[in-house]
Amino acid sequence: MTAGSTPLWRYAAGRLVQAVPLLLGVVVVNFLLISLAPGDPVATLLGEYPAPPEYIAQLRREFGLDQPAPMRLALYAWNVVRGELGFSFAYRLPVATLVAGRLGNTFLLMVTALSLAALVGVGLGVTAARRRGSGLDTAATGISLAGYSIPDFWLAQLLVLFFAVFLGWLPAQGIRSVREEYTGLAAVLDTARHLILPAAALSFRYMALISRLTRASMLEAMSQDFILAARARGLPERLVLLQHGLRNAALPIVTVIGYNFAFVLAGSALVETVFGWPGVGRLLYDAMLQRDTPVLLGVLLMVSATVVVVNLLTDLLYAALDPRVRY
Amino acid sequence: MRISMIVLLMAVVAAGSTVAAAPPEPQRGGSAVVAIGGDPETLNLGITTGYAVGAVAASIFSGLVWIDARGEIQPGLATSWTVSSDGLSYAFELRRGVKWHDGRAFTAQDVKFTMEQVTGLYHGRFRPAFLNFEAITVMSPQSLKITLKRPYAPLLRLLTVFDCPILPRHVYQGEDITRHSRNNDPVGTGPFKFREWVRGDRLVLERNDAYWDPVYLDRLIFRIIPGAALRVTALEVGEVDMVADFYLPKTDVDRLKRNPNVRLRLGQPIPSMGFMFINARRAPLDNPKVRRALALAINRVQIVTQAMGNLARPARGPFGDGFKWAFSPESDYNRLYPYNVERANALLDEAGLPRGAGGERPVRLRMVYDAARAPIAATAAIIRDNLRAVGITVDLQPMDRAVMIERIYTRPDYELTVQTFTSGGDPAIGYHRIYASAAPGTPFVNATGYSSQEVDSLLNRAAEVPERAARGKIYAQASKILAADVPTLMLFDEIGVDATRATLRGVWIGAEARDRWDAVWVQK
């Protein structure tokens with residue numbers, strides 16, 4: 001970017017190359033952990049009656065479970081390098097197809113939840129910092145405390161009870177209505193209605209986190225000399241607050257969003273399960289119960305890759321936000 | 001005059017109310033939404049006994065017969081059949097003019113192909129019956145004969161869509177059946193055709209206008225709702241129209257009873273039982289006296305009221321009382337094993353397991369069970385408390401289903417476990433596996449290590465004899481041995497509960513809520 005520093009693209013590319021051995025390590029560790037876990041996928045899949053032994057043997061061959069673990073690991077790693085994520089035991093479909101079908105739904109939920117968390121959290125935090133000690137500040141702190149303490153799957157069930165059962169305003173389940181077949185704008189609105197409750201449930205904790213952090217960073221930033229200087233220059237308070245205060249307080253907020261991405265993804269497994277949201281989180285949860293190893297490995301690998309990319313983007317965003325940061 | 005007017009008026013009102021009480025005419029159109037807990041692993045019902053597969057695919061395929069709500073066999077793809085007097089030969093006349101969903105004609109060759117190439121090889125319930133087949137002979141495109149090596153009483157019951165769904169030969173012949181692409185997009189002869197499957201969300205079927213009986217619903221939709229409590233919520237708010245017994249949390253039944261928009265069917269024509277496997281390979285459980293003591297010490301009534309919410313009956317014998325003809329009063333648990341702590345204590349003392357200084361006996365048992373099933377967890381906890389009262393320590397080991405299967409069946413490493421098995425409509429189909437000597441390591445069969453030649457041969461005979469009265473006598477003999485040996489302690493006969501929206505009509509024509517969706521309609 002400036003003379004003497006590495007070009008940004010080279011930095012980014014370097015980070016991505018470094019990520020390759022990391023991701024392979026993830027594959028190996030996950031594979032070993034899953035192999036160590038008890039439970040036979042074939043027995044889990046075949047219903048509640050004894051299945052013919054020849055069929056069980058055939059499935060074991062088909063799934064590669066008759067091979068020793070190191071052989072399976074080598075084969076799996078080789079396939080991953082070639083871009084193949086294998087075949088789901090439970091769904092009898094390529095893992096890539098399964099994950100691709102769910103990824104969009106999870107990102108829709110996560111992006112909505114994180115945007116909601118950032119908007120409301122920053123709003124609450126700025127307001128609380130501006131009126132430190134007021135009733136509003138206390139209320140914002142109270143909401144944050146609640147956000148920290150309430151588990152999201154429990155909140156999810158409460159939201160369903162109140163907004164779907166008691167008030168009947170919003171749907172309780174799924175990503176879109178099944179009785180009606182909407183198209184175009186009506187379909188978008190229908191999904192938006194289904195999105196409100198899961199996104200709210202998923203966002204609450206991060207909203208609390210962001211609002212606390214924003215409040216603290218704002219209080220710190222607002223006590224700096226440059227704020228005094230800005231005020232002395234006669235800038236309106238709103239501009240002082242947003243352009244000088246918030247911009248300087250933004251770094252920790254970006255950090256929270258960037259580095260919590262993996263946790264949001266983990267939280268989405270529970271929220272997706274409660275709301276019947278057909279996303280990657282639920283795919284992961286189902287795969288665990290069914291011992292669907294290829295799906296587990298595929299989803300975990302994809303999550304790791306996403307985290308690497310999001311962390312990199314977060315670091316790059318740092319540089320854009322703070323002129324002092326250089327790579 | 002005025003009085004007679006009033007009488008006339010009352011008569012008219014009465015007549016009107018009689019008319020209103022008559023069953024309304026089925027209406028065509030609309031859709032029904034059924035909750036299921038997870039995606040089926042395939043839609044080829046011929047290669048699995050998985051519950052979710054049956055829930056969906058039973059409406060896509062047809063069986064030769066179906067079982068009505070009274071438990072009687074009714075014609076399906078087979079319109080009539082005759083059984084030879086020696087019970088070795090079954091001749092079937094098949095329904096004429098039936099078309100596959102792709103327009104091809106259904107023939108007896110499809111039936112032969114399905115049995116020989118699909119269900120006879122891969123289906124957990126049909127295969128044991130198929131191994132006893134001598135030959136399947138196609139007599140004409142619309143008739144077929146099955147000959148057996150030995151008579152097999154429950155054969156007709158194994159010809160339903162759940163046990164032997166008829167598959168299209170022209171689609172599957174010569175191909176890898178278990179991995180066939182049409183397993184996810186199947187061609188059947190059933191009342192509904194496959195339309196769409198969005199994994200993790202929904203499965204949509206649409207009416208087959210060529211079906212032989214009228215089909216009322218435009219669409220039959222299966223909604224995948226993994227959370228048990230949320231399935232009930234979805235029913236209460238009207239997002240789904242049915243939650244069948246298998247997917248209904250019993251703790252919510254009382255609340256549903258008070259909901260005017262919901263209708264319940266209590267009791268199921270196909271008996272199903274909960275029981276405790278006692279690992280008889282391990283001391284001191286290899287001693288029948290100790291097992292009898294457990295039977296006396298465990299309070300089955302408490303389990304039924306507290307763990308099962310009264311949606312069960314305390315078990316009364318080795319085969320329960322769900323099949324009246326197979327129940328033997330001589331081996332009635334109420335007489336042999338009433339809840340009796342004193343007698344249990346005496347038996348344990350006799351077995352050489354005296355109480356120590358702290359009142360505890362030198363017995364520590366691990367109770368392994370599926371953590372996801374709340375009534376089973378509650379049952380396990382009651383058993384632990386019951387056995388503590390007689391000085392036996394029980395460690396509860398809840399685990400997820402995959403691990404549980406391994407610990408109980410594949411590599412048995414447990415002392416006690418609570419399991420539930422369905423009878424499949426006949427003790428020979430679903431209950432023999434509880435007691436018969438089993439190949440070690442086979443899931444969902446006798447996991448106790450108990451093996452009695454006498455019991456095995458009685459069970460084999462009970463499967464061969466056609467008349468119920470004669471079969472009942474054989475079960476009485478087996479019951480006597482099993483009640484004395486108690487390798488497995490029966491705990492309860494389940495009372496199933498299906499819940500639907502009140503607007504859904506014509507459900508429950510079949511023995512199973514998964515069956516006969518062609519007859520279901522929505523009252524507008």
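What follows is a run of questions and answers on this predicted model.

Trainee: Let's start with chain A. How many helices and strands are there in chain A?

Mentor: Read along the sequence, chain A goes α-α-α-α-α-α-α-α-α-α-α-α-α. Its C-alpha atoms fill a box of roughly 85 × 60 × 40 Å along the principal axes. The tally for chain A is 13 helices and zero strands.

Trainee: And how much area do chain B and chain A bury between them?

Mentor: The contact takes 53 residues from chain B and 43 residues from chain A. Of the buried area, 52% is on carbon and sulfur atoms. Between them, the two chains bury about 4,400 Å².

Trainee: Which residues in chain B lose the most area to chain A?

Mentor: Three residues stand out here, and together they account for 13% of what the chain B side buries. They are B:Glu41, B:Arg199 and B:Leu230.

Trainee: Which element gives the largest share of the side of chain B that touches chain A?

Mentor: Several elements of chain B each supply at least two residues, including strand S1 (31-36), helix H3 (108-122), helix H6 (228-236) and helix H13 (401-410). By class, that side divides into 19 nonpolar, 16 polar and 18 charged residues. The largest share is five residues, and they come from H13(B).

Trainee: How many salt bridges does the rule find across the interface of chain B and chain A?

Mentor: Side chains of opposite charge can pair when their charged atoms come close. One such bridge joins B:Asp400 and A:Arg291, with the closest N and O atoms 3.1 Å apart. For salt bridges across the interface of chain B and chain A, the number is seven.

Trainee: B:Arg28 and B:Asp209 meet in a salt bridge too. How many residues apart are they?

Mentor: The whole structure has 47 salt bridges over all chains, and in this one N and O sit 3.5 Å from each other. The pair links distant parts of the chain: B:Arg28 is in the loop between helix H1 (2-21) and S1 of chain B, while B:Asp209 is in the loop between strand S9 (202-207) and S10 of chain B. In residues, they are apart by 181.

Trainee: On to the open spaces. Which residues lie nearest the centre of the second largest pocket?

Mentor: About 1,000 Å³ of space lies in that pocket, and 39 residues line it. Both chains take part: helix H2 (41-45) and helix H3 (53-63) of chain A are among the elements that give two or more residues, as is helix H15 (432-435) of chain B. Nearest the centre are A:Pro50, B:Pro128, B:Arg433, B:Ala436 and B:Val445.

Trainee: Which element gives the largest share of that pocket's lining?

Mentor: By class, the lining of the second largest pocket has 23 nonpolar, nine polar and seven charged residues. Five of the lining residues come from one helix, the largest share. That helix is H16(B).

Trainee: Last one: what is phi of A:Arg92?

Mentor: A:Arg92 is found in the loop between helix H4 (69-81) and helix H5 (95-130) of chain A. Its phi is positive, in a residue other than glycine. The value is near 55°.

Key: Residues are numbered from 1 along each chain as its sequence is written. Chains are lettered from A and ligands numbered from 1 in the order in which they are written. This is a predicted model: local features need pLDDT of at least 70, side-chain atom pairs count only at pLDDT 80 or more; totals for chains, interfaces and linings use all residues. Side-chain values use heavy atoms; hydrogens and water are left out. Contact means heavy atoms within 4.5 Å. Buried area is the accessible area (1.4 Å probe) that two parts lose on being put together, summed over both. A salt bridge is a side-chain nitrogen of Lys or Arg within 4 Å of a carboxyl oxygen of Asp or Glu. Helices (H or I, at least four residues) and strands (E, at least two) are DSSP runs, numbered from the N terminus. Ala, Val, Leu, Ile, Met, Phe, Trp, Tyr, Cys and Pro count as nonpolar, Asp, Glu, Lys and Arg as charged, and the others, Gly among them, as polar. On a 1 Å grid over the protein atoms alone, a cavity is a set of points where a 1.4 Å probe fits but cannot get out, and a pocket is an open set with protein on both sides within 12 Å along at least five of seven lines; lining residues have an atom within 4 Å of a point. Grid points are joined across faces, edges and corners, and a volume is the space filled by probe spheres set on the points.
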